[in-house]
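User: Hi! Could you walk me through the model shown below, one question at a time?

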Number of protein chains: 2
Amino acid sequence: MSWDALLGDLRARKMAALARAISVVENGRAGFEKLLIAIHGDLGRARRIGLTGPPGAGKSTLTEELVSAYRAHGFTVAVVAVDPTSPFTGGALLGDRIRMESVALDDGVYIRSMATRGSLGGLATSTREVCDVLDAAGFDRILIETVGVGQSELDVARSADTTILVLVPESGDGIQVLKAGVIEVADLFVVNKSDRPGGREFAEDLRSIIALRLGESQRMPAVVLTAASIGEGIDRLTQAIGEHRSHLETNRLMERKRSDALRSRLDTLVEEKLKDIVRENGYIQGRLEQALDDVVAGRISPYRAAAEIVRAFKIKKREGGPTA
Amino acid sequence: MSWDALLGDLRARKMAALARAISVVENGRAGFEKLLIAIHGDLGRARRIGLTGPPGAGKSTLTEELVSAYRAHGFTVAVVAVDPTSPFTGGALLGDRIRMESVALDDGVYIRSMATRGSLGGLATSTREVCDVLDAAGFDRILIETVGVGQSELDVARSADTTILVLVPESGDGIQVLKAGVIEVADLFVVNKSDRPGGREFAEDLRSIIALRLGESQRMPAVVLTAASIGEGIDRLTQAIGEHRSHLETNRLMERKRSDALRSRLDTLVEEKLKDIVRENGYIQGRLEQALDDVVAGRISPYRAAAEIVRAFKIKKREGGPTA
């Protein structure tokens, strides 16, 4: 298939082209930069919704319910399920994916699991780029589901337009959620399995904790009670997602969010390209080898050696002034 | 306190100097590079032992038992407990630390929790540097305990001379352990809580899986059965750790391991210093701002923009040939 044909088929949301384009981007295979450059102008139509939360919070069931709800409204939906990076706790997602095949028979739905790590700029970057491909393919909603067990999964969730933190009444999440800046990450909270004992009290406690933490200056995020397994609260949830989106748009926060994300991606890409130079430059590699001997022998510390090597990098200002 | 006095007190293992030095290094505070440069020649005496594994495997109890065993042999012991990076599952460690205060009353023991992230080169780097300080302070054994829920914790464990993977008979770990290259990371396996039903069978299954995975060319790592809560199997474990150390030394693998670790640290430091240049250079920042406008407007992709900016970096070969 030619390059132009691939792009054409991708924009027409043909599944084979979509799968191929995603695979190229996810694995950083030949042409992935060219592909991302080509679709860059198409981006920004899809609404990206991230779901994260501790294992067992029912995120997959909730995702499935959201897919059905958006389909019922006539939207096409893509789901990107990011497998946990943990080598120890990886069992649940596969089963969840199989269960989700009920909605996967619908050709307005596309489901993709991401397991790749170590691609250019890490999991958050490659997830964002896979979402870009889905955006270019014309999906109206992109749901990004992560098991929030590590920083990288949190970064993934944060790359969405609306980030939803899914909690459950039990398991002490009410207290744990106070840690590590999680409240600040979430645009919207879901108390799932809220039909369990203590569900309403948990939601009230959560609201108090959020209000206390954010103070009065910030918008209070919605706390939505759901019971995904019986389909309860899903309409309230899609409504709350829509309201958050309106909030972003009326306050011109959407542009800011996009711009921040692009700035951070640009920074990452510059860093990655500098790493490539380090890896591929014979002179620098030679300097590194020499320095290593001295470092191993204890004659020089790695800090001093690194500072020495970096001195070889000079910044050459472009003549003729800046052009795009 | 003067700089020389701090170094002197650190080498004499005075607790106040130790705490201060660790804090300087952990948080990358003023003088941390100078400190690491000063102690670089002292390193390599301590044996570094990493323990990782899924939550609930009993790593803290095992660590505590190892501390007691090494103390009984007359060794000084430092414990570095790396808090999980997860914002959701962070509750257990604090309780464990409090429990460990029984051994902490002994002044041949030093316990430190690491929670800092985002320091120069990430958690694995800062943990390694804290261990360097403990090494310079003359601790004979350094135990690095992580909850292995993410890649960064695995990297931390891997930075030890001997990496121990702690598993428990239940919870399907026998299958999960096959994932993501975990077997290759471990130098030694512990089946803890092995007095539970199915403990021996689990250990046998684990041995088969390891043998199948590693093939005949590689050394078969020991699988040690323990029941840390009743102190069982700890002597076998310290013996297995000692045997792994001997294996490293007789096969000259210790030098290789150290050299690999220093090479990777050198690479990281060069990358970090290049990032600093990007962040601090006015011309590059100006180029980034200009490029961002074009990227946000969809006129240029972040990939093309990054490639453009990186072109400003030139490598200037040093005249007069290499010197250390």
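User: Which strands does helix H12 of chain A lie across, and at about what angle does H12(A) run to S7(A)?
Analyst: Happy to, and please keep in mind that this is a predicted model. Helix H12 of chain A spans residues 234–250. H12(A) lies across S1, S5, S6 and S7 of chain A, and its angle to S7(A) is about 165°.

User: In what order do the seven strands of that open sheet in chain A come?
Analyst: The pairing in this sheet is parallel. The twist averages 20° from one strand to the next. Reading across the open sheet of chain A, the order is S3-S2-S4-S1-S5-S6-S7.

User: Which strands of chain A stand at the edges?
Analyst: An edge strand here has a single partner strand, so one side of it is left without a neighbour in the sheet. In chain A that describes the strand at 109–114 and the strand at 222–225. Their names are S3 and S7.

User: What is the bridge partner of Gly50(A) in S4(A)?
Analyst: Strand S1 (residues 47–52) and strand S4 (residues 141–146) of chain A run parallel and are joined by five bridges. One of the residues with a partner in S4(A) is Gly50(A). That partner is Ile144(A).

User: What angle does the direction of helix H4 of chain A make with that of S4(A)?
Analyst: Helix H4 covers residues 59–72 of chain A and packs on the sheet.

User: How do H12(A) and H13(A) stand to each other?
Analyst: The axes of H12(A) and helix H13 (residues 253–280) of chain A come within 5 Å and cross at roughly 90°. The contact includes His244(A) and Leu248(A) of H12(A), along with Met254(A) of H13(A). Angles from 65 to 115 degrees count as roughly perpendicular. H12(A) and H13(A) are therefore roughly perpendicular.

User: Why do the buried residues of H1(B) line one face of the helix, and within what arc do they fall?
Analyst: Helix H1 (residues 3–11) of chain B has Leu6(B), Leu7(B) and Leu10(B) as its buried residues. An α-helix has 3.6 residues a turn, so residues three or four places apart point the same way. Seen down the axis of H1(B), the buried residues line one face because they fall within an arc of 95°.

User: Is Cys131(B) buried or exposed?
Analyst: Buried means under 20% relative accessible area. Cys131(B) has 1%, so this residue is buried.

Notes
Residues numbered from 1 in each chain as written. Chains lettered and ligands numbered in written order. Predicted model: local features only at pLDDT ≥ 70, side-chain atom pairs only at ≥ 80, totals over all residues. Heavy atoms only, no water. Pairing = 2+ DSSP bridges. Helix = DSSP H or I, 4+ residues; strand = E, 2+ residues; numbered from the N terminus. Axes fitted to C-alpha atoms, helices over the stretch in contact; angles between N-to-C directions. Contact = heavy atoms within 4.5 Å. Buried < 20%, exposed > 50% of the residue type's maximum accessible area, 1.4 Å probe, protein only. Arc of directions from axis to C-beta. Parallel < 35°, antiparallel > 145°, perpendicular 65-115°, else oblique.
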